[in-house]
Amino acid sequence: MMRALGYPRLISMENFHTPNFMLVSEVLLWLVKRYEPQTDIPPDVETEQDRVFFIKAVAQFMATKAHIKLNTKKLYQADGYAVKELLKVTSVLYGAMNTKGVERADVSEDDSSKFKFDLGSKIADLKAARQLASEITSKGASLYDLLGKEVELREARTESIARPLEINEAEKMMKVAIDCVLEQVQKTKDMLNNVALDEANLEAKIEKRKLELERSQKRLQTLQSVRPAFMDEYEKIEEQLQKQYSSYLEKFRNLTYMEQLVDDYRKTEQEMFEETANMLRLMQNRLKEEEQHLLKSGNKDDSDIEIQEDEGSDSEVEDRQIMKQRTTTETLLQGILTFPYLWLLIPLEPWSDTTQRNYCLSICVSLRQKNKCSV
């Protein structure tokens, strides 16, 4: 139908699979111009407000001039639903063209060459006819209302006609009307004069402000060109402050790093101390057990010596007991080699014998010197 109406480009439903508002606006504007070439609808549809105004203007034009009701929401969607709304206008124009084409089919070729189909002029005539019809309707309604008031106004009209015309009274009314008009003219002149005065005042104020602006700009330029007295000192202090701040940052980072190292060292030392304490506790328990075992074995050996008198004297038994204690003590103290500080924490109270205690101390000192341990 659009090709039959003379639209310059091809249109298919594929153009409306996605919203295409530019094409819809172009088609609507072309149809409106086709319906009435002299219409004035702004074609600007760049912003959202312009699009809404364009759709409203087209819908209002079609409703008032062509009596075609369009759905503005569907037109604004600019998809397949908008095509249905476009078909309402297109079908009217296409039907009018077909009707005119059927009438022209009966006319000969010469007549068709003389009388060409002019859709624009016919649309203008149709517009004028519809406008006249609407005016006739409104005028008829107002006339009907006035005729309803005729019964009341008839008596007043007859009285006014029957009353004799007084020239003096008419002259007074005319003078009052002339005075009112003259007063309004004077007021208008006064307002014009006031406008001129206001304009002059505003111009004077504008000139004054311009002079103040120029003075302010000159003052600003002079202030920008003059270097302050304390600027050199300020720049030096600023450089010193920057250096101090850099050194402060470096020292702060170093301090933070050293504190972290100290914390790590303390944690490691605490872990080693706890491990050492655990090892000491275990060795103390072992030493106590060995001491109890030695005491029990010593008592048993004494009883055996009293029973067996032929095996040796008391000095030999005592020497044998001391050699066992020394062997056991040396075996236990070999585990201290890896822990240089353990020998200081070994409790010596359980040894009541002074010889055993002194012997243990001498072994610990020799082991410390051998391993080069420092207290």
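This is a predicted model: local features need pLDDT of at least 70, side-chain atom pairs count only at pLDDT 80 or more; totals for chains, interfaces and linings use all residues.
Residues are numbered from 1 along each chain as its sequence is written, and side-chain values use heavy atoms, with hydrogens and water left out.

The protein chain contains 13 helices and 0 strands, where helices (H or I, at least four residues) and strands (E, at least two) are DSSP runs numbered from the N terminus. Of its 375 residues, 18% are buried, that is, under 20% relative accessible area with a 1.4 Å probe, protein chains only; exposed means over 50%, and partly exposed lies in between. The accessible surface of the protein chain is about 30,100 Å², and carbon and sulfur atoms account for 56% of that area (Shrake-Rupley method, 1.4 Å probe; for residues, only the protein chains shown count as cover). Among contacts (heavy atoms within 4.5 Å) with a separation of 6 or more, 60% join residues 24 or more positions apart.

The largest nonpolar core has 33 residues, of which L28, L31 and M62 touch the most other members. Such a core is a set of buried Ala, Val, Leu, Ile, Met, Phe, Trp, Tyr and Cys residues joined through side-chain atoms within 4.5 Å. Two or more residues each come from α1 (2-5), α2 (21-35), α3 (48-65) and α5 (80-105); α2 gives the most, with 9 residues. Beyond its neighbours within four places in sequence, L28 contacts F54, I55, V58, L75 and L86.

L93 is found in helix α5 and is buried, with a relative accessible area of 2%. Residues up to four places away in sequence aside, L93 touches L5, L31, R34, Y35 and I123. The C-alpha atoms of L93 and I123 are 9.6 Å apart, for a sequence separation of 30 residues.

The structure holds 4 aromatic pairs. Rings of Phe, Tyr and Trp (its six-membered ring) pair if their centres lie within 6.5 Å; planes under 30 degrees apart count as stacked, over 60 as edge-to-face and the rest as tilted. One of the pairs, Y35 with F61, is edge-to-face, at 6.2 Å centre to centre and 90° between the planes. Y35 lies in helix α2 and F61 in helix α3, so the pair ties together parts that are 26 residues apart in sequence. Y35 and F61 are both buried.
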